[in-house]
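Let's take a walk through this fold, one piece at a time. Have the sequence and the model open side by side.

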Amino acid sequence: EFLTLNSQAHPEVSLRNEGGSWYLLRHGNWDPANGERVARALGALNTHEILQFTADTAADLMPYGLDDPFQTVTWTPSREKPVKLMFGHNAESTQFFAKYEHEPFIYRIDASLLPSLPTDGIKWKGLGALRFTTFALRRISLALGANTPIILDYNPVSAEWKATRGGRDVSDEIDRVKADQLAGNLAKFTVQDWAVDRSAAIEALKTPFLTIQIVLGEPGRTDGPVREVEILFSPTQPNATTAFYFGQVKGDPDIFYMTRNGLLQIAGSDIFKPKPVK
């Protein structure tokens with residue numbers, strides 16, 4: 001039901017299972033967790049083979065670094081008491097050890113287990129950065145750099161699109177299939193990974209390469225209150241075409257990575273009909 005990771009390097013990571021779905025406590029909210037990562041972690045814990053039984057007494061934990069574990073993992077099975085597994089290493093950090101909190105046995109383990117149990121909470125966050133139903137969509141605005149945005153207005157009742165570019169009505173030029181694809185891609189927007197170091201990304205996103213603004217309202221209605229969601233993208237290297245881009249949903253403190261191909265799938269296709277060749 002619960003999975004908790006504590007370490008000397010990062011704040012506590014708290015995960016909970018609710019109806020078969022995992023959630024991560026982050027910034028005071030329970031957000032969807034990366035279910036695949038949780039499954040990999042549980043699989044690693046269940047299948048990792050120890051290298052040897054090192055000791056059958058916990059009289060002196062210091063040589064194994066278990067007097068002050070650098071990391072612990074605690075899991076709580078349904079209707080059972082929590083189980084805590086502690087990790088330590090020798091003074092040279094060349095050998096790694098594990099011990100259950102309430103058992104005397106000390107095991108030597110391979111360090112290959114540890115990458116399956118990352119201690120930085122951002123690594124457990126779900127990759128779905130944005131989710132909405134197209135029935136709630138009212139508007140999509142796309143702006144490259146400081147250029148005038150293309151504004152697409154959507155009627156969720158009639159499923160019709162209208163567009164303006166530079167203040168000019170260009171609705172007749174819309175390829176409605178591609179506009180629908182754009183809306184569908186944004187509605188299930190998934191990122192490549194989350195950034196651990198945010199400093200370079202924050203600087204890059206001050207001058208975004210691409211800004212997408214989405215206006216959402218009550219599903220199936222054209223009136224009533226709305227909310228705006230803004231997504232910013234910038235290359236990981238200034239003024240360059242890079243394989244990865246930084247991205248951020250405005251207002252969310254976390255920053256993600258997006259592949260160039262993934263970005264092109266979302267916003268790279270021209271939503272206007274090709275111009276006839278003269």
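**From a buried threonine to a helix pair**

Thr72 counts as buried, because its relative accessibility is 10% (buried means under 20% relative accessible area, exposed over 50% and partly exposed in between, with a 1.4 Å probe and protein chains only). Before we go on: this is a predicted model, in which local features need pLDDT of at least 70 and side-chain atom pairs count only at pLDDT 80 or more, while totals for chains, interfaces and linings use all residues. Residues are numbered from 1 along each chain as its sequence is written, and side-chain values use heavy atoms, with hydrogens and water left out.

So what touches Thr72, leaving aside its neighbours within four places in sequence? Thr72 is in contact with Thr4, Leu5, Asn6, Lys84, Leu85 and Met86 (contact means heavy atoms within 4.5 Å). Thr72 itself sits in strand β6, residues 71–76. Helices (H or I, at least four residues) and strands (E, at least two) are DSSP runs, numbered from the N terminus.

Now zoom out to the sheet. Nine strands make up an open sheet, running β4-β3-β2-β1-β6-β7-β8-β9-β5 with antiparallel pairing; two strands pair if DSSP finds at least two bridges between them. At the edges you'll find β4 (29–32) and β5 (52–55), each pairing on one side only. On average, neighbouring strands of this sheet are turned by 25° against each other, direction ignored. Phe87 stands opposite Ala98 in β8.

Next stop, helix α4 (residues 260–267), whose buried residues are Gly262, Leu263 and Ile266. They lie on the same side of α4 because they cover an arc of only 100° around the axis, taken from the directions from the helix axis to the C-beta atoms. The face turned away from that buried side carries the exposed Asn261 and Gln265. Among the elements covering the buried residues are α2 (176–187), β17 (210–216) and β18 (227–235).

How do α2 and α4 pack? Their axes are 7 Å apart, at an angle of about 130°. The two helices are therefore oblique to each other: angles under 35 degrees count as roughly parallel, over 145 as roughly antiparallel, 65 to 115 as roughly perpendicular and the rest as oblique. Leu182, Asn185 and Leu186 of α2 meet Gln265, Ile266 and Ala267 of α4 in this contact.

Note on methods:
Axes are lines fitted to C-alpha atoms, for helices over the stretch in contact, and angles run from 0 to 180 degrees between N-to-C directions.
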